[in-house]
Each structure stands twice: as C-alpha cells, then as structure tokens.
Amino acid sequence: MAMKRVGCLLPAMGVYGGINIILNWAVILARAGYRVDLILPPSKCVSSSALPFLAPEDGRLLHPVSEVEARLHRYHAVIATHWSSIALLAELTADHHAWFMQAYESQFSALNSPEQADFDALVASQMNVITTARWLQQHILRHYHFEPKQTFCVLSGLDKTLWRPEPRIPLGPQSRPVCFLVEGPVTDPRKNVAHTVRLLETLGVRYRWVGAIVDRALVGPNCAGIDENVPYRRMPQIYASADVLVKASNSEGMFGPPLEMFATGGTAVSWHVQGAEEYMSDRYNGYLVPMNSWSGLAEAILELVAAPERVRRLQENALATVEAWPTWEDQADQILTTIESLVPFGRCSLVRQVAKNRFRPIVHSQPLVAESQRAAAEAARAERAEAELAGLRHELASSRAWRLVGAVRRARTLLAPDRSRRWAVLRYAGRIVWRAGRRLRSSARSA
Amino acid sequence: MSSKPVVPSASPARPGGSEPTVLRLHDATAGAIGSSGPPATAHDDPEAAGIWKALFEEFLDVRAVQRFHHYAESHSDYRWKPSLALVLPEGFSAERRAHLRDLAVAVEVLASVMDHYSVAVISDSPDASRLFRTVVPFSAASVSRCAGALVLLSRRLNDEVSAIRPSRYVAADPCAYRKNQQRIVFTAGGVETSFAPAQDSEIARDARECVAVFLDEDDEVPEYLAALGRLRVQGVPLSVTLSTRADEDFARRIHAAFAADPRVEVRDPEPRGFHEHCEFRISNNLVALLTQRRPTRTRYLFHRGEFWRVGANIPSRSDFYLCRGEESDAHGLLGAWLGRRDVLAAGRTAVPQGGVVEPMVSIVVPAHDGNVEIVRLAESIYAQDYPWIEVVFVSSGGPPETLEAVRVAENYLMKRRYSVRIIELARASVSAAARSDIGIRASRGDLVCVLRSDDWIEPGFFEFLRRKPWRDDTLYCPATNAGQEAWEPADLAAALRRQGNFLGESGVCFARSLFDRAGGLDHQRHESAAFALWWRSALAGARAERHAGRLQGMGVPVRHEVAARALAGLGDIHEPSRGGELIPWR
C-alpha cells in the first residue's frame with residue numbers, strides 16, 4: 001500500500017511557538033508511517049537538518065519541499081497553518097484540506113486591514129479546522145456556523161524531556177525576594193511586554209526579561225538580568241532563574257509559556273487571555289486576573305511579593321498540573337485519529353474565496369486609480385492656472401485695455417475645463433475694467 | 001451526613017535552607033487533580049432530567065446554563081483540573097423546593113468558575129446520586145482533595161468544612177420579596193461574629209411592642225424556635241416572617257410550632273408594611289438584617305445557639321452575600337472565596353490608584369432590543385485608541401436579531417483584543433436599570449461606563465484617561481452632556497438639585513468602587529435611575545468633571561422636571577453611610 005502523503009503549508013521556518021507545535025505534529029505523523037512534506041515558499045525552503053526545535057533524528061523524518069514541487073504530488077491531506085496559505089491550498093491536489101488554527105489570527109492583523117478580511121474569507125470557506133484549544137473550537141462553531149464534525153481540537157502536548165523541574169533556591173520569609181520573569185519580544189503589541197516591564201519597575205519588584213528582541217533602555221534598577229535571543233534548548237534554565245512568570249498578553253491561542261514555566265517548577269500571574277483556562281486555575285496553580293486590567297495584575301504581583309509561602313504553594317500545584325498534562329506521545333492517538341477523520345472537502349468554495357481575494361484589490365483599486373489620475377491631472381492644471389493668474393494680476397495692475405483682453409483670453413483658455421474658475425477669471429477681469437473706468441472717470445472730473 | 005468532627009490535615013514540613021532544590025511533589029492535601037471531573041448530570045433518568053430543567057430555569061443568566069454544559073462536557077477529560085466541592089448535607093432532598101432553589105443558585109455560581117475548576121459533588125444524601133452521575137461520600141479526605149467548597153443548607157457543616165478548605169454557605173436570597181437587587185447568600189465558614197452577646201432579658205426589656213422576627217431555614221431552626229419560645233415566656237409578642245426560601249413544608253412546620261400561641265403571628269414571606277416601616281429586629285440570617293433600609297433600632301442575630309446584638313462594627317459584605325451579577329465575575333468570586341482574608345480586609349488599596357497604571361474601562365451595554373444600533377455602537381468602541389477595555393452586554397429577553405447583533409459585536413470586538421462578555425437574562429421583565437446594575441456588578445474594570453445600545457462614542461472618547469491620573473471619586477461626564485468643567489462634592493449635590501440630571505443618563509465614567517459605595521442602581525427606577533446614582537454618589541463624596549470625549553445618540557440629559565420628580569423620591573437618603581457603603585436599595 002502506498003504511503004499516505006500529508007503536506008503542511010508553512011509561510012516560513014523560524015523559532016516560533018506555533019512552528020514548534022506544527023513540527024511536533026509532523027514528527028508524530030511521520031513516525032506513524034505518513035510521508036510528511038513541509039511545504040515552504042521556494043525562497044524560504046530549508047534542509048531537514050536546519051529544522052528548529054527537533055532532534056536531528058526527528059528532523060530527518062520530515063521532508064521540506066518547495067511549493068513548486070508540492071504541486072506535482074497528490075496528498076492525503078494538506079494542512080494550511082496560516083491564513084496567508086489560502087491561495088496555495090487551492091492549488092494543491094488532496095483528498096482532504098484542513099486549516100490548523102492555533103490562534104484567532106484575525107487579532108494579529110492591523111485594524112480593518114485586508115488581512116483581517118482574508119482571515120474571515122478563509123474561515124468562511126468552511127474547510128476542516130483543527131484547533132489547539134477548546135475556546136478556539138467553540139469560537140468558530142459559534143461565530144462561523146461550522147458543522148461540528150468539521151472542527152477538531154487536539155491539545156498540544158509538552159516535551160517533558162526538555163521542560164522538567166529545575167533547581168531553585170527555596171522561597172521563604174527569611175530567604176530571597178520573589179523574582180518575576182517577563183517573556184516576549186518588545187516589538188509584539190499583543191504581548192504588552194514594554195508595559196509589563198514598566199509596571200514591574202514602578203512596583204519596585206525584582207524581575208528578569210527574556211525575549212527575541214529586547215529594549216535595554218526600558219529596564220531600570222529592579223531588573224536582575226536580560227536574556228536576548230536565547231536558543232530554545234536553554235529556555236528552561238532561563239525560566240528557572242525566576243519564580244513567577246508575568247504575562248500580560250491579550251491575544252493567544254493555546255498560551256504555552258505559563259505551562260512551560262509550570263514544568264520548570266515555577267508559577268505564573270497572567271491576564272485571563274483565551275486559552276489560559278486550558279490549564280490555569282485562578283489561585284490554585286497561578287493567578288489569573290481580568291484581561292486588560294493592569295491594576296489587577298499589579299495587585300496580584302504585590303500579593304505574591306508579600307506572600308512567598310503562597311508562591312511556593314502555587315508552584316507545587318502548578319507542578320502537579322504539569323504532571324497530569326499529556327506529552328506529545330500521549331497526544332499521538334488523537335492526532336492520528338484527527339488526520340483520518342477529516343471530512344472530504346470540495347475546493348469550490350476555496351477557489352471562490354481565492355478568486356474573491358484576488359479580484360478584491362483589482363475591483364477596488366481600478367476606479368481608485370482612475371480617480372486618482374484624474375485628480376492629479378486636475379491638481380496640476382489648477383497649479384498652472386494659479387501661477388498664470390498670479391502673473392496676470394501683476395500684469396493687469398499696470399495694464400492697458402488691449403493687454404487685458406489678451407490676458408483674459410489666455411486665462412480662459414487655460415482654465416476652460418473648469419467652469420467655476422472661468423467665471424472667476426471673468427469676474428476678476430471685469431472688476432479690473434470697472435476699477436480702470438472709475439479711475440479714468442475720476443481723473444476726467446478732476447481735470 | 002457524618003457528624004464526626006473533621007480534623008484539618010496538617011501540611012507537610014517545608015524544606016528549609018537556601019540550597020537550590022527541585023520541587024518534586026505537590027502538597028498532597030492540596031491535591032485536586034483528577035479527583036472526580038465535572039459533575040455530569042444524571043440525564044439518563046427522565047425524572048432527574050426534569051429536575052435539572054427546572055433548576056436551569058431558575059438561573060438568572062441563560063449563558064450560565066450553556067457554560068455549565070460546555071465545561072461539564074468538553075473539559076470532562078481534563079485530569080489536571082482542580083476541583084471545587086459542592087457539599088450537600090445528608091438531609092438534602094430533591095423533593096424539597098427550597099433545597100432545589102438553593103442548589104440552582106449554587107450551580108449557577110459554580111458555572112461561572114468552571115473554566116478554572118471542575119466540580120466534585122460530595123454528599124451522603126441518596127438524592128444527590130439521583131441528580132449527579134458521580135457523587136463522593138462525605139469525609140475530610142474528600143473535602144481536602146478540593147481547593148474550596150460550597151455548602152448547602154447547613155451553616156454548621158459550612159463551619160466544619162471551612163476548617164479544611166475555604167468554604168461558603170450558599171443559598172437563594174432569603175428576602176426575595178424585595179423588588180430591588182436580588183442577592184445570593186454567600187457566607188464564609190468559620191467567621192467569628194464581632195457582635196456582643198445579648199441575653200433574652202435584654203431583648204425582652206427592649207421590646208416595647210410586637211417584635212418583628214425573620215425566620216430563615218437552616219440547621220439551627222430548632223434552637224432558634226426554642227429561643228423565641230423563651231422570649232414568648234417573658235411576654236414578648238412576636239410577628240414571625242418566613243424567609244422567601246421557605247417552601248410549604250417548612251411553613252407548615254413553623255405554623256405548627258406556634259399554633260398553640262395566639263400572640264405569635266406567623267406570616268408568609270411578604271412582611272406587613274414592608275414598603276414603609278418594616279424593620280426586622282431579630283433574625284437568624286444576617287443578610288436579612290444587613291440589607292434593611294432604615295435600621296433605627298437595636299437588632300439581634302441568632303447565631304450558634306444564642307442572640308448577638310448587631311452593633312456598629314458590621315463585618316465585610318463579601319463575607320455574607322453577593323449582589324446578583326457579582327456571581328458572573330469569576331475573578332472577584334474566587335478572590336473572595338479562596339483569597340486570603342487579611343488581604344481582602346485590607347481592600348483594593350495595595351496599588352496606588354491613578355498614575356501608576358492606566359485603568360481598565362468596563363463598558364456596560366444594556367441591550368433589550370435594537371440590532372443595527374448595537375453594531376454601530378460596537379463599531380464606535382472598536383475605533384477607540386484606548387486599548388484597556390472590557391465590554392459587557394446585558395440582554396434580557398430581546399428578539400433574536402438583538403442576540404445576533406450582540407454576537408456579531410462580540411466577534412468584532414474580540415478582534416480588537418477587548419475582553420467581551422454577554423449576560424443573557426432569562427427574565428424579559430427586568431428594567432433597564434436592573435440590566436445596567438447587573439452588568440456593572442459583573443464588570444471587572446476600574447472604571448465603568450454605561451452606554452445605551454442606541455448611543456455611540458466618537459474616537460478618542462477615553463483619551464482623558466491618558467492625559468492625567470484618574471480619580472476614584474470622580475464622575476467623568478462627556479463634553480456633550482455638561483457645560484461646566486468640574487464640580488466639587490459640595491457643588492455637585494447642589495447642581496444636581498438645581499439643574500436635574502445634567503450629567504446625562506449615558507456615557508458617564510465612574511469608578512467601580514464609587515458605585516459600590518453609592519449602593520448601586522435602583523432597579524425600580526426607569527428614567528431617573530442614573531440620576532439617583534449620581535445623587536447618591538454625591539452624598540458619598542463624589543465630584544464630577546467634564547472630559548473632551550463626545551457621545552452621540554440618545555444619552556441626552558433628562559429634563560429638569562423629571563429629575564426634580566425623582567429627587568423628591570430620594571428625599572430620605574440623607575443617611576450616614578454604613579461600613580463605607582450607603583444603605584442599600586430595598
């Protein structure tokens with residue numbers, strides 16, 4: 001029997017939490033006997049040995065291929081991992097099409113941007129959707145009128161060989177103060193990292209900061225250390241250097257960092273962002289405060305600073321949570337079942353959405369272009385007319401009648417397409433003639 | 001129910017020293033992982049299904065029913081989820097209406113925290129097994145496996161359980177005949193009363209006429225009846241009013257107990273003259289005494305077998321009851337229930353208000369009807385630059401298109417990364433003021449702004465919060481509504497009296513703490529509910545300030561004559577505040 005081929009469409013390969021989850025899925029499928037192609041844009045294609053997160057032997061199980069090559073194959077299932085894959089997804093031949101939705105990606109785009117519209121368009125095509133959190137599954141069922149059989153949820157497992165309890169100096173009333181950890185790049189507005197650092201500085205509590213991109217100008221005297229661009233394998237040690245992870249993110253999918261902090265023996269205080277309820281319980285294994293509430297976060301931080309014994313208890317419970325949390329191996333059955341349960345999907349609605357997306361800029365931009373060209377021509381003409389009128393004013397100030405008539409004729413020719421300007425010129429010329437006549441009359445009287 | 005005393009488990013010794021250690025095992029006494037899973041309801045039994053249907057119909061919020069089902073089903077395999085215990089005493093009966101009413105309230109409370117915790121039902125009652133698929137027998141060990149507990153029907157049991165885990169005695173409002181602000185009894189276990197004990201003779205001496213007695217059903221009723229009997233022996237005439245939690249069974253027992261004494265009048269829940277002069281002087285439920293409008297005379301609480309004189313040192317409200325709406329705020333609920341009492345007693349003063357952090361604004365939208373207007377309002381909220389916003393929609397029995405508009409608005413606003421919640425009241429008859437009050441109480445922001453569904457706000461409405469530190473004693477009204485820049489507390493009351501509701505019905509931002517101090521909204525007022533709130537806020541020391549934000553729509557100031565009429569009805573609220581909060585609405 002031929003090996004079933006599964007394709008995962010990736011916009012790029014990099015060290016992101018989302019890519020880690022996709023690669024873990026891919027390895028599980030490959031170990032189960034599927035041939036897994038990681039379909040990448042030709043310019044971003046990498047070799048198996050360059051795959052992040054994975055051990056070399058696992059990396060060798062996967063086949064990075066370019067989009068061009070992927071078009072030549074027939075797949076059992078192709079899985080888009082980002083809304084921008086919609087066009088290519090429609091081009092690939094497969095028995096099943098699915099979208100691996102790790103987050104409500106519409107939140108990532110700028111307000112009212114075409115990307116947000118594209119996201120909605122892709123969801124509206126109603127292909128199979130695989131989510132990594134229950135709330136996401138519920139959300140699309142509630143808002144996008146999916147058939148329940150088309151939506152799947154497989155919670156992400158945890159690599160417990162990497163994320164395991166790390167040694168920490170015990171906390172206590174006579175021991176060291178509670179140390180907090182800020183995680184995330186300063187550039188991502190969803191993570192609110194700069195605000196978090198500022199809050200911790202204002203509250204005067206000790207903290208560390210780890211992120212792909214950090215801004216050293218933000219930190220103050222309470223910062224115990226900054227770790228920038230740390231290799232993934234070193235992250236558990238960084239997490240272990242603090243007691244409590246502080247997360248003020250207001251857009252997440254599965255929300256992995258607190259779980260990883262739990263695994264190292266720490267706890268977390270976080271906004272109650274979507275996905276937190278998958279494993280966080282307020283006041284049991286961490287503190288959850290209302291999303292977007294800085295005062296709530298500040299209160300929780302101060303409460304933990306004042307009660308190290310409470311931090312210790314939260315850490316114990318957090319560790320118990322992780323002990324009960326599944327590993328990737330535990331989730332393998334669910335992943336395989338999901339791949340085999342995908343509903344066959346005709347590409348008609350997908351093609352329709354692609355067409356809509358392709359035509360949208362043309363349909364919307366064509367009249368706009370014509371309009372803007374016309375406006376530019378008009379503006380240039382008006383500019384020339386203004387310059388000409390300025391010259392005319394100067395000329396007319398010391399004019400004679402024959403020069404005036406000539407000037408008016410030129411001005412009318414220049415401004416002929418613009419009726420209002422034509423009359424303005426005539427009015428202006430008439431006023432000058434009238435003034436000249438009045439001057440002549442008054443000089444005649446005086447003479 | 002087991003009557004054996006429950007011994008709290010000792011925590012294991014903590015490792016000391018300063019050497020780095022690896023955390024190996026969690027505290028066994030705190031262990032709640034995978035203990036029982038959510039309480040799958042016993043729907044196989046048609047009779048039980050009928051009871052559950054009736055229970056769900058008692059819920060205030062229809063969405064709580066959906067939440068309960070969702071988490072009970074979708075999270076059933078979440079072994080890592082800790083549990084909260086629902087403890088039903090041995091005497092719990094599915095035949096008693098009073099018991100089911102309390103159970104409905106408890107399940108609604110639990111539904112709001114089921115995203116954090118699963119629920120373990122602990123009971124020795126045979127009827128518990130009729131309603132729940134998994135029931136654990138009561139024991140100290142079973143309670144200790146949970147992070148906290150809700151106890152039904154027995155205060156004594158609540159005290160016992162609280163020795164092991166933080167627990168609350170939960171019950172339906174005993175004074176539900178009051179038209180305003182329904183409440184949920186939510187009494188902390190093991191709380192020592194701060195009142196002085198009172199002798200029977202003192203009460204008898206103090207009684208100059210027929211004494212109004214409030215009688216709620218709990219496990220101390222036999223002792224309470226005996227104590228009332230002693231008062232009767234001393235010649236005190238009694239007028240006993242039964243709690244609204246009471247069912248026919250309980251009423252029959254009480255009538256029988258006093259049948260032989262003609263000087264004891266037993267009334268069904270609605271007390272005589274409660275509109276004007278009713279004042280209970282003796283009660284076995286503190287909530288009935290605390291929520292009285294005009295407590296002018298000494299009151300006595302019957303608790304743990306004796307009478308206590310209710311003095312000036314009234315304990316914290318959060319130790320005794322919740323106003324409806326507050327049960328929807330999972331964080332507030334868990335904070336009060338499982339949080340440290342010393343921290344709660346200190347109040348929310350740890351973080352200096354204003355300046356340090358930008359406040360979170362809760363926009364509350366009572367939506368009875370309207371559809372396109374709701375989308376227009378959502379669009380205007382979406383267009384705000386200010387990012388720290390929560391939106392709470394409160395709908396009540398509106399047409400389907402209103403619900404659809406709210407749902408569309410939810411999806412739209414989520415993309416803006418706002419926190420969005422919907423409360424769907426089951427009763428269509430509630431007033432707009434009630435919808436607003438419930439929404440505000442469910443909100444979690446530092447500041448609250450109520451907007452009518454046909455209003456909309458212009459971009460930059462909340463820009464004033466970024467310009468200077470906000471104050472928790474200030475009513476911030478939009479530029480559209482008022483002409484002056486600021487009113488200090490003394491000026492505010494005078495200006496309200498003189499000009500009527502110049503602040504407007506809609507779009508005013510105020511601190512949630514100020515709302516609590518002012519006692520909330522009067523559910524029975526319609527066009528002047530907001531005005532009454534501003535008035536009470538002024539009495540609680542609030543000032544007002546105009547900001548540059550602009551509101552569009554119908555939120556125009558109410559005409560002076562309407563406001564003046566409302567003010568006439570508020571003539572008797574010149575009362576001192578009690579425990580930091582004005583006397584509540586009845």
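Predicted model: local features only at pLDDT ≥ 70, side-chain atom pairs only at ≥ 80, totals over all residues.
Helix 14 of chain B, formed by residues 400-414, contains 15 residues and spans 21 Å between its first and last C-alpha atoms, close to the 21 Å expected at 1.5 Å a residue.

Several residues of helix 14 of chain B are buried: B:Thr402, B:Ala405, B:Val406, B:Ala409, B:Glu410, B:Asn411, B:Leu413 and B:Met414. The cover over these buried residues includes elements from both chains. Chain A contributes helix 6 (134-144). From chain B itself, the cover includes helix 2 (62-74) and helix 13 (372-382), together with strand 15 (361-367), strand 16 (389-396) and strand 17 (419-425).

The setting of this helix can be described through the totals for each chain. In chain B, 20 helices and 24 strands make up the secondary structure, while chain A has 15 helices and 13 strands.

| Chain | Residues | Buried share | Accessible surface | Carbon and sulfur share of surface |
|---|---|---|---|---|
| Chain A | 447 residues | 56% | about 19300 Å² | 56% |
| Chain B | 586 residues | 60% | about 22100 Å² | 52% |

Conventions:
Residues numbered from 1 in each chain as written. Chains lettered and ligands numbered in written order. Heavy atoms only, no water. Helix = DSSP H or I, 4+ residues; strand = E, 2+ residues; numbered from the N terminus. Buried < 20%, exposed > 50% of the residue type's maximum accessible area, 1.4 Å probe, protein only. Areas by Shrake-Rupley, 256 points an atom, 1.4 Å probe, with all protein chains shown as cover. Expected span 1.5 Å × (residues − 1). Contact = heavy atoms within 4.5 Å.
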